[in-house]
Amino acid sequence: MATDIKMPQLGESVVEGTIAKWLKQPGDRVEKYEPICEVSTDKVNAEVPSTFDGVMVEIIAQEGETVEVGQLICRIETEGEGAVENKPAASADSVAPAAQETPKAKADTAGDNSNKHRYSPAVLRLSQEHGIDLTQLQGTGKGGRITRKDVLKAIEQGGTQPAVATAAQVPVPEAPVAPASPAAAPAREAVTASTTPAAPAKTGVVLENGDREIPVTGVRKTIAQRMVQSKHEAPHAWTMMEVDVTGLVALRNRLKHEFKQREGVNLTFMPFFIKAVVDSLKEFPQLNSVWDGDRIILKKNINISIAVATDDALYVPVIHNADEKSILGLTKAVNQLAEKTRAGKLELKDMQGGTFTVNNTGSFGSVLSAPIINAPQAAILSFESIVKRPVVFGDNMFAVRDMMNICMSLDHRILDGLMAGRFLKRVKERLEAYGPDSQI
C-alpha cells in the first residue's frame with residue numbers, strides 16, 4: 001500500500017524547501033526514522049526521515065526542485081501496523097456531508113487573511129531586490145500565502161501585476177520606489193510602459209571559449225539574498241582597533257599541548273576572542289540587540305553566531321548562552337558546531353537565535369576586513385591574523401610583539417560610533433590582559 005510523503009514544516013516561517021539530494025531511490029528498502037532525502041531551506045539544510053518501514057516506489061520531486069510545505073515529494077510502499085491503507089471511493093452516504101463541508105472549507109480558505117500577509121524572509125528579500133509590491137500579488141500558497149514562486153512569476157512578467165483585474169479594467173500599479181535596488185528600476189519601467197514580459201534578469205555576459213557556467217545552488221542563492229538585504233537595509237559603519245596579543249599567544253602556546261591531551265580538542269584563539277566579546281557585551285548590552293522595523297529589541301540572552309566555511313558555502317551556526325561558558329566550554333562548542341557544519345549535520349536549532357556575530361578571518365591570513373552585518377543583528381566583529389611587528393613598547397623602546405587588528409561593522413540605526421568605540425576598546429583591553437601565567 002503506497003503512502004504519500006509530503007514536504008514537512010522545517011521551521012516556523014519556512015514555507016518551502018529545495019530537494020538537495022535523494023538518499024533513497026525507487027526499489028530501496030527504507031527503515032523507520034531513516035533519512036530519505038536532504039532538503040535545503042532559506043534557514044538550514046535538514047534530512048527528512050521516513051516515519052515507517054517500507055520500500056521507496058516513486059520519487060515525485062526531483063533534485064533541485066523547490067517544493068512547498070505539504071506538497072507530495074515521494075511515495076513509499078508501507079508494511080506492518082504503520083501502513084496507511086488507500087481510502088475506498090466515497091459511498092453515496094458520504095457524498096452529502098462532503099458536499100456540505102466543501103463550501104465551508106473554501107470560505108475558510110478565502111477568508112483566511114492571516115497567511116496572505118505573512119511573508120517568509122526569502123519572499124521579502126526577493127520582492128525588495130526587484131521592487132515587487134507584495135500587496136498586489138495573488139498567493140498560491142496555503143491560506144493565500146505568497147510564495148517565492150509567486151514572486152518569481154511576477155518578476156518574469158516584468159514586475160507586479162494586479163491580482164485579478166486586467167489592464168483594460170484597472171491601471172497597472174506602479175511598484176514602490178522606497179526599497180528599490182539597481183535591479184528594480186527596469187522592472188518598474190516594464191510595468192508602467194508595457195505589458196510585455198521582461199527578459200530574465202541577467203547581465204548579458206557572453207560566454208567565450210573556455211568559460212564555464214556554474215549553477216547557483218540554493219545555499220549560494222540564500223547567502224546572496226541575505227548579503228544584498230543587509231547592505232541595502234542596514235547603514236553600515238566600520239571601525240578598527242589594533243590589539244597587542246603577545247601575552248595571549250604565549251598563554252596558548254604554553255597550554256595547547258596539555259589541553260589537547262586532556263580534552264581531546266585543539267585549543268585555538270577563537271574561544272578567547274568569544275570570551276572577550278561576551279564579557280564586553282554584558283557591559284554594553286546595546287551591542288546585543290536587533291533591529292525590528294520601527295523598534296530596537298535588546299536581547300537578554302547572549303547567543304554568539306560564528307562563521308564556519310565549507311568548500312562551497314559559509315554557514316553561521318550559533319553558540320547559545322555563550323556568556324555562561326568557560327574557555328573550555330566555548331572550545332568544545334566551537335569544535336562541535338564546526339564538525340556538524342562540515343559534515344552537513346546542522347539542525348534548525350543550531351542556526352537560530354544569534355544576537356552577535358564573531359568572525360575569525362585571520363585563520364586564512366586576512367589582516368583587514370569590512371564584514372557585512374548578519375541582519376538583523378547590531379554588529380559583527382572580525383578578528384584578523386596575528387602577525388609579529390616591531391612596535392614602540394614600554395619606555396620608548398622598540399620590541400617585536402604579536403599584533404592583531406579587530407574590525408567591526410555596525411548598524412548605524414542601532415549604534416553610534418561612541419558606543420561602538422567603547423565596546424571595542426573593552427574587547428581590546430580584555431585580550432591584552434592575558435599573560436603567559438593567566439588561568440583559564
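**Notes on the predicted model**

1. Four strands make it up, in the order β5-β4-β2-β7, with antiparallel pairing. The edges are held by β5 (45-49) and β7 (66-68); each has a single partner strand, so one side of each is left without a neighbour in the sheet. On average, neighbouring strands of this sheet are turned by 40 degrees against each other, direction ignored. The model under discussion is a predicted one.

2. Within that sheet, strand β4 (residues 35-40) pairs with β5 in the antiparallel sense over 5 bridges. Ser40 has Asn45, in β5, as its bridge partner.

3. As to the chain as a whole, its secondary structure comes to 9 helices and 19 strands. The protein chain has 440 residues, of which 40% count as buried. Among contacts between residues at least 6 apart in sequence, 65% join residues at least 24 apart.

4. Strand β1 (residues 2-6) shows two faces: Thr3 and Ile5 form the covered one, whereas Ala2, Asp4 and Lys6 form the uncovered one. This may be read with a general rule in mind: in a regular strand the side chains alternate between the two faces of the sheet. The pairing of β1 with strand β8 (residues 72-78) is antiparallel and runs over 5 bridges. Opposite Lys6 stands Leu72 in β8.

5. Arg29 belongs to strand β3 (residues 29-30). Because its relative accessibility is 38%, Arg29 counts as partly exposed. Arg29 and Gly54 are 25 residues apart in sequence, and their C-alpha atoms are 6.2 Å apart in space.

6. How many disulfides does the model contain? The count comes to 0 disulfides, with a cut-off of 2.5 Å between cysteine sulfur atoms. For Cys74, the closest cysteine sulfur is that of Cys37, at 6.7 Å, which is too far for a bond. Cys74 counts as buried because its relative accessibility is 0%. Cys407 is likewise buried, with a relative accessible area of 0%.

7. Helix α8 (residues 327-342) has 16 residues and reaches 23 Å from its first C-alpha to its last, close to the 22 Å expected at 1.5 Å a residue. Its buried residues are Ile327, Leu330, Thr331, Ala333, Val334, Leu337, Ala338, Lys340 and Thr341. Just after α8, Gly344 adopts a positive phi of about 70 degrees.

8. Helix α9 (residues 417-432) also deserves attention. Its 16 residues should span 22 Å at 1.5 Å a residue, and the end C-alpha atoms are 22 Å apart, which agrees. Which residues of α9 are buried? They are Met419, Ala420, Phe423, Leu424, Val427 and Leu431. Seen down the axis of α9, these buried residues fall within an arc of 125 degrees, so they line one face of the helix.

9. The buried residues of α9 pack against β9 (236-244), α6 (246-263), α7 (270-283), β16 (356-359), β17 (379-383) and β19 (397-411).

How values were computed
Residues numbered from 1 in each chain as written. Predicted model: local features only at pLDDT ≥ 70, side-chain atom pairs only at ≥ 80, totals over all residues. Heavy atoms only, no water. Expected span 1.5 Å × (residues − 1). Buried < 20%, exposed > 50% of the residue type's maximum accessible area, 1.4 Å probe, protein only. Arc of directions from axis to C-beta. Contact = heavy atoms within 4.5 Å. Pairing = 2+ DSSP bridges. Axes fitted to C-alpha atoms, helices over the stretch in contact; angles between N-to-C directions.
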